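Please keep the sequence and the model in view while reading.

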Amino acid sequence: ARQLMTEQALVDCIKSSGFAPFSPYIETQRARLYASYVFIGGHLDASLRDAVVLDIGSLEGMFLPALQSFGCFSSYHILDCMERSPDLMFHPPGGGEIHAQRHLSNIEEARLPLPDSSMDLVLLAEVLEHLMHDPMKALIEINRVLRPGGLLFITTPNVNSGESFRR
């Protein structure tokens with residue numbers, strides 16, 4: 001059985017992994033982020049123990065600390081449409097280093113710079129609602145790079161929440 005982090009431990013881990021500037025967002029969304037973490041953990045099995053992961057649009061790999069806590073990936077890739085440093089090095093609270101390779105591409109306009117069937121797990125967290133031009137093209141590209149039997153994990157904000165109505 002996997003040992004899950006507590007909600008507070010996950011929030012602290014995310015903030016310490018380069019997301020401190022997003023603290024207000026993380027705090028308001030903590031229950032949903034934790035539910036996503038628990039959901040991901042519940043759907044990872046032995047076949048994803050050494051997964052190749054693609055994290056689309058999460059800036060600095062928001063779910064990387066959570067996946068690292070499950071010890072489930074061998075390679076972590078971040079797809080970003082904005083020019084940033086090419087690679088990232090994370091130092092999780094438990095020690096060690098995690099290397100993440102960043103790829104520059106706009107998922108709605110271009111082919112993903114990855115081979116067919118090369119990803120075991122694709123994360124599309126808090127991104128789908130931002131795809132304005134051709135979300136289907138993006139999903140087709142994700143399908144292309146996802147290996148048969150791979151896992152696609154999509155989250156979107158809850159537009160029915162009280163916070164959304166106040167905006």
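Tyr-34 and Tyr-37 are both found in helix 3 (residues 30–43), three residues apart, which is about one turn of the helix. Helices (H or I, at least four residues) and strands (E, at least two) are DSSP runs, numbered from the N terminus. The model is a predicted one, in which local features need pLDDT of at least 70 and side-chain atom pairs count only at pLDDT 80 or more, while totals for chains, interfaces and linings use all residues. Residues are numbered from 1 along each chain as its sequence is written, and side-chain values use heavy atoms, with hydrogens and water left out.

The structure contains two aromatic pairs. In the pair of Tyr-34 and Tyr-37, the ring centres are 5.7 Å apart and the planes stand at 40°, so this pair is tilted. Rings of Phe, Tyr and Trp (its six-membered ring) pair if their centres lie within 6.5 Å; planes under 30 degrees apart count as stacked, over 60 as edge-to-face and the rest as tilted. Both Tyr-34 and Tyr-37 are buried, where buried means under 20% relative accessible area, exposed over 50%, and partly exposed in between (1.4 Å probe, protein chains only).

Ser-36 also belongs to helix 3. Its relative accessibility is 7%, and Ser-36 therefore counts as buried. Leaving aside residues up to four places away in sequence, Ser-36 touches Phe-63, Phe-153 and Thr-155; a contact means heavy atoms within 4.5 Å.

Strand 5 (residues 119–125) has seven of its seven residues buried, so it is largely enclosed by the rest of the structure.

Strand 1 (residues 51–56) pairs with strand 5 in the parallel sense over three bridges; two strands pair if DSSP finds at least two bridges between them. Val-53 has Leu-121 of strand 5 as its bridge partner, and Asp-55 stands opposite Leu-123 in strand 5.

Strand 5 also pairs with strand 6 (residues 146–155), in the parallel sense and over six bridges. Here Ala-125 has Thr-155 of strand 6 as its bridge partner. From strand 5 the chain crosses through helix 5 (residues 135–145) to strand 6, and this β-α-β crossover is right-handed. A crossover is right-handed if, with the strands pointing away from the viewer, the path from the first strand over the helix to the second runs clockwise.

The buried residues of helix 5 are Ala-138, Glu-141, Ile-142, Arg-144 and Val-145. Viewed down the helix axis, these buried residues fall within an arc of 155°, so they line one face of helix 5; the arc is that of the directions from the helix axis to the C-beta atoms. On the other side of helix 5, Met-136, Ile-140 and Asn-143 are exposed. Strand 1, strand 5 and strand 6 are included in what covers the buried residues of helix 5.

## Salt bridges

Side chains of opposite charge can pair when their charged atoms come close. The structure holds six salt bridges, a salt bridge being a side-chain nitrogen of Lys or Arg within 4 Å of a carboxyl oxygen of Asp or Glu. One of them joins Glu-27 to Arg-30, with the closest N and O atoms 2.6 Å apart. Glu-27, at 31% relative accessibility, counts as partly exposed, whereas Arg-30, at 17%, counts as buried.

Another salt bridge links the side chains of Asp-116 and Arg-111 (3.3 Å, N to O). Arg-111 counts as exposed at 54% relative accessibility, while Asp-116 counts as partly exposed at 47%. The side chain of Asp-116 also meets that of Arg-144 in a salt bridge (2.6 Å, N to O). This pair links distant parts of the chain: Arg-144 is in helix 5 and Asp-116 is in the loop between strand 4 (98–104) and strand 5, 28 residues apart. At 15% relative accessibility, Arg-144 counts as buried. Arg-111, Asp-116, Glu-141 and Arg-144 are linked in a network of salt bridges.
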